Amino acid sequence: MRMPRYAVTAFALAVLSISARRAESQAPQQPALNPATDAAIRPIVDRARAANLPVELLIAKAREGEVRRAPVERIESAVRQLAERIATAHDALTPNPTDREVEAAADALKAGVPRETLRAMRAAGKEASLAVPIGVLTQLVLRGVPVERASVQVVNLLQRGALSGHFIALDDRVRADVLAGKRPDESLDLRLKGIFPNLPQQATADAAGLQTTAGNKKPR
Amino acid sequence: MPEERDELIGHIVDELKALPVVPADATARVLARVDAARRAGPSTRSDDDDVIFFPAATDEMQAQSPLARPMPAAAGTRRRFVISVPAAIGYALAATLAGFLIRGALPKQEATVALLGDSVVRAGATVRPVADAAANREAQEAPVAVQFVLDAARASSVALVGDFNSWDGAATPLARDSASGSWSAVVKVAPGRHVYAFLVDGKTWTLDPRAPKAKDSDYGTEQSVIIVGLK
């Protein structure tokens with residue numbers, strides 16, 4: 001059977017096109033981990049992959065430890081704890097959280113934000129990405145705002161339709177207030193008064209019942 | 001069985017009649033052929049059985065179609081519309097290639113937060129299927145360009161390491177501004193809270209004096225914090 005010339009040409013062009021597209025879609029190559037680190041975290045990464053969790057975060061955490069010249073045992077411990085937080089965060093943000101949301105939620109859990117808050121944020125935020133709101137909540141808690149109060153107010157903002165710009169503005173203002181010597185919780189209450197009037201929705205009941213649950217849970 | 005066959009033949013004839021380009025004598029030719037087959041008996045097999053043909057193909061259609069390759073027609077036989085195997089493979093590959101090329105020529109969709117109307121992201125909007133909601137969230141997480149600056153006039157190299165570049169010390173080198181002595185880089189970062197630091201001369205962990213700091217309990221050192229998003 002003789003293949004026509006145009007068929008061969010078309011086949012070659014198709015192969016070239018597919019190869020070019022595949023090369024284009026590949027992520028940039030990350031440097032390999034130290035063999036000892038790699039061996040230590042490999043079982044953790046494999047378990048996370050089997051559970052369909054984003055393993056890139058675990059590898060990045062290991063690389064962070066190497067950049068900071070942490071011992072392998074410490075890196076392994078940090079990666080294991082992160083894997084547990086990722087699993088919890090993924091469960092709390094169901095259904096279909098993005099990797100950025102899971103990463104942000106894992107950081108929030110580390111800062112002491114309870115998983116019930118994350119669930120309430122998902123319910124309140126509906127289709128909005130929670131990466132920024134969760135990040136701002138984490139930062140508020142790390143600045144010293146009590147986690148229960150920060151949780152309720154952030155969920156309230158989401159229920160009222162706050163966008164990422166509102167959350168970033170709130171964080172900026174609280175930061176400036178704290179630097180100027182104001183108490184973080186007072187600053188939060190004060191600055192919310194400047195944001196709420198600009199939101200499209202009216203206040204809702206009790207931030208999806210968060211006030212009755214958030215304070216009762218032990219922070220992770 | 002004969003009834004079923006007759007019903008099937010009737011169905012085929014109806015289909016042929018419904019076609020707008022069926023030649024006027026096509027129906028009669030099919031019926032004549034069926035009759036001939038019946039007379040010849042069930043064991044008789046026509047050579048045409050292995051050939052895909054289109055009895056409705058008119059001269060006009062064959063002239064217009066670049067795929068048409070009429071077989072040499074013997075006197076009194078119908079012309080057939082046959083594609084050889086290599087040609088079929090060739091055309092299939094060409095069609096695949098055309099698909100790739102057309103897809104590549106289309107502009108890539110670069111979603112930004114600004115493209116999402118308030119009604120999409122605000123609470124109280126119509127609840128969409130989960131897959132749509134996830135796609136919306138992904139679109140809102142389109143990276144934003146952020147400039148990082150460090151004043152380090154005596155440094156010979158400065159690199160940025162953070163969770164947005166997987167802490168890769170080689171991924172984001174900063175460029176030195178000769179006039180000011182400052183080092184800077186513009187990096188696309190996904191919205192959210194990020195932690196980072198500068199590596200000066202490849203080894204010195206340096207915090208960003210313009211950014212808030214946070215203690216890291218995993219490794220015990222401080223890091224700079226930035227919250228990225230459209231204001």
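Helices here are DSSP runs of H or I with at least four residues, strands are E runs of at least two, and both are numbered from the N terminus. Just past helix H6 of chain A, for instance, Lys126(A) has a positive phi of about 50°. This is a predicted model, where local features need pLDDT of at least 70, side-chain atom pairs count only at pLDDT 80 or more, and totals for chains, interfaces and linings use all residues. Residues are numbered from 1 along each chain as its sequence is written, while chains are lettered from A and ligands numbered from 1 in the order in which they are written.

Stay with H6(A), residues 115–125. Eight of its 11 residues are buried (20 or more other C-beta atoms within 10 Å of the residue's own, placed from the backbone), so H6(A) is largely enclosed by the rest of the structure. Among the buried ones are Leu118(A), Met121(A) and Arg122(A).

Now for a helix pair. H2(A), residues 35–50, and H4(A), residues 72–92, have axes (lines fitted to C-alpha atoms over the stretch in contact) that come within 9 Å and cross at roughly 10°. That makes the two roughly parallel (angles under 35 degrees). Residues meeting across this pair (C-beta atoms, placed from the backbone, within 7 Å) include Ile41(A) and Ile44(A) from H2(A), and Ile75(A) and Val79(A) from H4(A). The contact's residues divide into 10 nonpolar, one polar and two charged, with Asp, Glu, Lys and Arg counting as charged.

Over in chain B, three strands form an open antiparallel sheet in the order E1-E4-E3; strands pair if DSSP finds at least two bridges between them. E1(B) and E3(B) stand at the edges with a single partner strand each, so one side of each lacks a neighbour in the sheet. Eight bridges join E1(B) to E4(B), and Leu150(B) has Trp183(B) as its bridge partner in E4(B).

Notes:
Axes are lines fitted to C-alpha atoms, for helices over the stretch in contact, and angles run from 0 to 180 degrees between N-to-C directions. Angles under 35 degrees count as roughly parallel, over 145 as roughly antiparallel, 65 to 115 as roughly perpendicular and the rest as oblique. Two residues are in contact if their C-beta atoms, placed from the backbone, lie within 7 Å. A residue is buried if 20 or more other C-beta atoms lie within 10 Å of its own, exposed if 12 or fewer, and partly exposed in between; C-beta atoms are placed from the backbone.
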